[in-house]
Amino acid sequence: MKNPFLPLAERLYRRWKPFIVKKQNQKVCKELQQLYPLENMEKLHDYFQVKRLAVMFMIVGIGIASAICLYLSSRMEGRLAEGTRLFRNEWNAGDYHITLIAEAENWNREIPFLVEARKLSREEQEALQKNLYTELPDLIKNDNTDLEHVVSDLHLPVFAEGYPFRLTWDSSNKERIDRNGKINRKGMDTKETVSLTVTTSYGQEKNSFTYELSLLPEMSSEEERFFRLLEDLLCDIDLANKGSEQIILPDRLDGKAIAWKEGGKNYTVYLLFLTALGCVIAAKGMEKDLEKDCKKRNKQLLLDYPGFVNKLRLYISAGLSVQNAFYRIMKDYENTQKRKRKYLYEEMKISCCQLENGVMEEQVYREFGKRCGEMRYRRLSFLLAVHLKQGNGQLLTFLSEEAEGAQEDRRNMARKAGEEASTRLLFPMMLMLVVVMFLVMLPAYLDFGSI
């Protein structure tokens, strides 16, 4: 399927080319010239850059669309409706935590809030309990570093995730720590120690644990007082509407208007970063693909070499010159050309065009070997250039030796390819062996179990 961003990439590349392309990538140019020797080098390079730019645009488009969908999905799944309404879950859906962002004039604060499920009737209730003594300190400390340095509200849940407990909290100083975990440090000049007791219940069984908490004195401010009052008001609203399906959040307090937003993690930035990373990987991947294509080209040239040398020797033995032998081999290829691309005959076509345009034969043969790149082609081009003035007699001897050596190299390549294929088949064979052993041993194991 054609990349829909290709026309846009081509238009932008033509416009930006004088500013962004200072010099061509020599490695890419060399690989493109090897793969497409009959094409214009500048057009090849421009098309490659346009194609790579189109792939990057496509990745950016997909990334932006994904980021928008993720953002809209996160907004659609939000708990806060109409700016001031929080909906409770039904009893079998459980409680949920929400982070509210309160904005009042120039102040804003994140407030963690637990929205409990709709209160059940006594017949519906079911208590779950388990020992949490070693894990409760890390659970209740909330944003504090530990229980020895308490400066913010504690997290005192009614239920702990993964444990069948109903938790009831009580403190030795209710003015400092209430049952919701709210901390009141007003008027504190020095550190105070408060005992926090949790009672876990399961049916008729109950167990209590006591933790010693150290409250640090606070630096009071008007902002702290405002948000303390706001959190107290939220708790009062929650207590007064335990049985209702929704909670109406206050829109004003102490003469200040409050705007509510739902807090939470936003993964849009990470997605955009992955999009940028994908663009870089795609650009480098296209260069790697060029390199792989060049390796395939070189392998094809080596496989075609023995046949090329044999044809060349045959036509020279028949009395043709090296130049006419090149023409004849090229003509045979054009008459029997198949769909599969042959890089050797594309290089020969360039050489034939050079010969027709009057380029010296010696130069043509040397450039032919240089373009092919492989050592055998370089050696053959050297032999052809050296023996132009020495006749075909000694050249035929060298060509015979070269053909035998090339044939031996081809046999070695086939042997190596066979060894690599057997190595690749080793893992599938091991999997098949495991399946066969399982099928053989399973009936024996079942019969043994019935004894």
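Predicted model: local features only at pLDDT ≥ 70, side-chain atom pairs only at ≥ 80, totals over all residues.

Visitor: Which residues make the nonpolar surface patch?
Guide: Val60, Ile64, Ile68, Tyr71, Leu72 and Leu272 make the patch, which covers about 510 Å².

Visitor: Which helix gives the most to the nonpolar patch?
Guide: Helix α3, residues 41-76, with five residues. Val60 lies in helix α3 and counts as partly exposed, because its relative accessibility is 31%.

Visitor: Changing topic: how many salt bridges are there in the whole structure?
Guide: A search of the whole structure finds 10.

Visitor: What does Glu287 form a salt bridge with?
Guide: With Arg52, where the closest N and O atoms are 2.7 Å apart. This pair links distant parts of the chain, as Glu287 is in helix α6 (residues 268-317) and Arg52 in helix α3, 235 residues apart.

Visitor: Is Arg52 buried or exposed?
Guide: Arg52 counts as buried, because its relative accessibility is 13% and the cut-off for buried is under 20%.

Visitor: And where are Glu347 and Arg371?
Guide: Glu347 and Arg371 form a salt bridge, with the closest N and O atoms 2.7 Å apart. Glu347 sits in helix α8 and Arg371 in helix α9 (residues 361-372), 24 residues apart. Glu347 is buried at 1% relative accessibility, whereas Arg371 is partly exposed at 22%.

Visitor: Which residues are linked in a network of salt bridges?
Guide: Asp153, Lys182, Glu231 and Asp232.

Methods
Residues numbered from 1 in each chain as written. Heavy atoms only, no water. Patch = residues over 30% accessible without salt bridge, like charges linked within 9 Å, V, L, I, M, F, W, Y side chains within 5 Å. Areas by Shrake-Rupley, 256 points an atom, 1.4 Å probe, with all protein chains shown as cover. Salt bridge = Lys/Arg side-chain N within 4 Å of Asp/Glu carboxyl O. Helix = DSSP H or I, 4+ residues; strand = E, 2+ residues; numbered from the N terminus. Buried < 20%, exposed > 50% of the residue type's maximum accessible area, 1.4 Å probe, protein only.
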